[in-house]
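Biologist: Please take me through this chain one feature at a time. I would like the general idea before each case.

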Amino acid sequence: MKPKRQDWQTPQGLALLRGWAREDLPMEEIARRCGVSRRVLDGWRRQSEEIDQALDQSRELADRVIAG
């Protein structure tokens, strides 16, 4: 079954995306874990503010923690 964007817009899906972004995984690896290509993940980010924010905010938080 092909992964769908809606599968990742659930609370559980968004929590996984946030965690992977917080771990500073490359987008290619996050896409692989979602079962899609980087290109598809980029499309999901353009189509879903929730997914985009989950990935961006977590990276920003990780950057702030590292910067101290």
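**Reading a helical chain**

Modeller: Contact here means heavy atoms within 4.5 Å. Residues 24 or more positions apart make up 57% of the chain's contacts with a separation of 6 or more. This is a predicted model, in which local features need pLDDT of at least 70, side-chain atom pairs count only at pLDDT 80 or more, and totals for chains, interfaces and linings use all residues. Residues are numbered from 1 along each chain as its sequence is written, and side-chain values use heavy atoms, with hydrogens and water left out.

Biologist: How many helices and strands are there in the chain?

Modeller: Helices (H or I, at least four residues) and strands (E, at least two) are DSSP runs, numbered from the N terminus. The chain has 4 helices and 0 strands.

Biologist: Which residues of helix H2 are buried?

Modeller: An α-helix has 3.6 residues a turn, so residues three or four places apart point the same way. Buried means under 20% relative accessible area, with a 1.4 Å probe and protein chains only. In H2 (residues 27–34), the buried residues are Met27, Ile30, Ala31 and Cys34. They lie on the same side of H2, because their arc around the axis, taken from the directions from the helix axis to the C-beta atoms, is only 100°. Gly35, with a positive phi near 85°, follows H2.

How values were computed
Buried < 20%, exposed > 50% of the residue type's maximum accessible area, 1.4 Å probe, protein only.
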